Amino acid sequence: MKKLFKLFLLGVGLFLILIIGAGVTITHLDPNNYKKFIITKVKEQTGRDLILGGAIKLEYYPWIDIEINDVTLGNAKGFGEQPFFHVDNFKLRIKTLPLLKKQLNMDIMQIRGAMIYLAKNKQGITNWDDLIQEESRPEKSSDPGLLSALMIGGLEIRNAGLIWDDQAADINYLRDRSELINR
């Protein structure tokens with residue numbers, strides 16, 4: 001009986017050490033160490049350059065808080081040096097425990113200082129066509145239950161702007177927050 005009790009205590013002790021070790025490891029991982037990996041994956045999937053100029057901040061419990069500053073995604077080939085989009089600050093919070101039930105429960109998604117450049121060339125091709133074409137998408141999963149529920153608390157966008165450059169129709173619009181308020 002004493003051996004069984006000692007074995008039980010040893011098992012509980014090892015389990016606690018494992019849990020504490022995992023917790024310490026997870027909370028001390030620096031997401032900024034993965035910037036090159038993220039940039040490489042975006043380039044592989046989209047063919048576009050991603051610039052992560054600011055710090056990536058990450059917290060784990062009770063929400064997974066992700067905050068990224070100074071993010072720029074390059075434009076499609078043939079559309080110039082103007083970036084497809086730039087965001088000064090992006091923040092997203094996801095509840096941790098619902099993820100175990102395959103549910104994505106998000107708080108308010110915040111986007112600050114966004115500028116989006118949409119364009120159509122004279123041939124009628126847009127600078128987002130390459131992002132939505134079937135052959136540019138990764139293989140679809142055969143598992144239909146990857147996510148059983150998606151809940152978003154809201155979307156907050158501040159200081160955003162949009163440029164629409166339609167070279168086929170010779171139309172160029174710039175809409176930013178100040179223009180929208182003054183109308």
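A residue counts as buried when its relative accessible area is under 20%, as exposed when this area is over 50%, and as partly exposed in between.

**View A. Overview of the predicted chain.** The model shown here and in the other views is predicted. The chain has 183 residues, and 24% of them count as buried. Its secondary structure consists of four helices and eight strands. Read from the N terminus, the order of elements is α-α-β-β-β-β-β-α-β-β-β-α.

**View B. Lys35 in helix H2.** Lys35 belongs to helix H2, which covers residues 35-46. Its relative accessibility is 18%, under the limit of 20%, so Lys35 counts as buried. Which distance separates the C-alpha atoms of Lys35 and Leu52? The two atoms are 7.1 Å apart, while the residues stand 17 residues apart along the chain.

View C. A search of the whole structure gives two aromatic pairs. One of them joins Phe84 and Phe85: the ring centres are 6.3 Å apart and the planes meet at 65 degrees, so the pair is edge-to-face. The cut-off behind this label is an angle over 60 degrees. Are the two residues buried or exposed? Phe84 has a relative accessibility of 10% and therefore counts as buried. Phe85, at 25%, is partly exposed. Arg48 also takes part in this view: Arg48 lies over the face of Phe84, 4.7 Å from the ring centre.

**View D. The rings of Trp128 and Trp164.** A pair of aromatic rings is described by the distance of the centres and the angle of the planes. For Trp128 and Trp164 the distance is 6.1 Å and the angle 45 degrees, and the pair is tilted. Trp128 sits in the loop between strand E5 (103-120) and helix H3 (129-132), whereas Trp164 sits in strand E7 (residues 161-166). The pair therefore ties together parts that are 36 residues apart in sequence. Trp128 is partly exposed, at 26% relative accessibility. Trp164 is partly exposed as well, at 22%.

**View E. The largest nonpolar core.** Eight residues form this core: Val87, Leu92, Ile94, Leu104, Met106, Met109, Ile111 and Ala114. Strand E4 (85-95) and strand E5 are the elements that give two or more residues to the core. Which element gives the largest share? The answer is E5, with five residues. Another core, of seven residues, lies apart from this one, and Leu50, Leu52, Ile68 and Leu73 are among its members.

**View F. Gly153 and Met106.** Gly153 is part of strand E6. Its relative accessible area is 55%, so Gly153 is exposed. Met106, by contrast, is one of the residues of the largest nonpolar core. How far apart in space are Gly153 and Met106? From C-alpha to C-alpha they are 5.9 Å apart, although 47 residues apart in sequence.

**View G. The largest pocket.** Rolling a probe the size of a water molecule over the atoms shows where empty space is left. The largest pocket has a volume of about 300 Å³. Its lining has 13 residues, and those closest to the pocket centre are Leu52, Ile66, Ile68, Val71 and Phe90. Two or more lining residues come from each of strand E1 (50-52), strand E2 (56-59), strand E3 (63-73) and E4. What is the make-up of the lining by class? The count is 13 nonpolar residues, no polar residues and no charged residues.

**View H. Asn159, a residue with positive phi.** Most residues other than glycine have a negative phi, and most peptide bonds are trans. Asn159 has a positive phi, near 55 degrees, and is not a glycine. With a relative accessible area of 49%, Asn159 is partly exposed, since an exposed residue needs a value over 50%.

**View I. Asp170, another residue with positive phi.** The phi of Asp170 is positive, about 55 degrees, although Asp170 is not a glycine. Asp170 is placed in the loop between E7 and strand E8 (171-176). Is Asp170 buried or exposed? At 71% relative accessibility, Asp170 counts as exposed.

Terms used: Residues numbered from 1 in each chain as written. Predicted model: local features only at pLDDT ≥ 70, side-chain atom pairs only at ≥ 80, totals over all residues. Heavy atoms only, no water. Phe/Tyr/Trp six-rings, centres within 6.5 Å; stacked < 30°, edge-to-face > 60°. Buried < 20%, exposed > 50% of the residue type's maximum accessible area, 1.4 Å probe, protein only. Lys NZ or Arg CZ within 6 Å of the ring centre and 35° of its normal. Core = buried A, V, L, I, M, F, W, Y, C linked by side-chain atoms within 4.5 Å. 1 Å grid on protein atoms, 1.4 Å probe; cavity = no way out; pocket = protein on both sides within 12 Å on 5 of 7 lines; lining within 4 Å. Points joined across faces, edges and corners; volume = space filled by probe spheres on them. Nonpolar A, V, L, I, M, F, W, Y, C, P; charged D, E, K, R; others polar.
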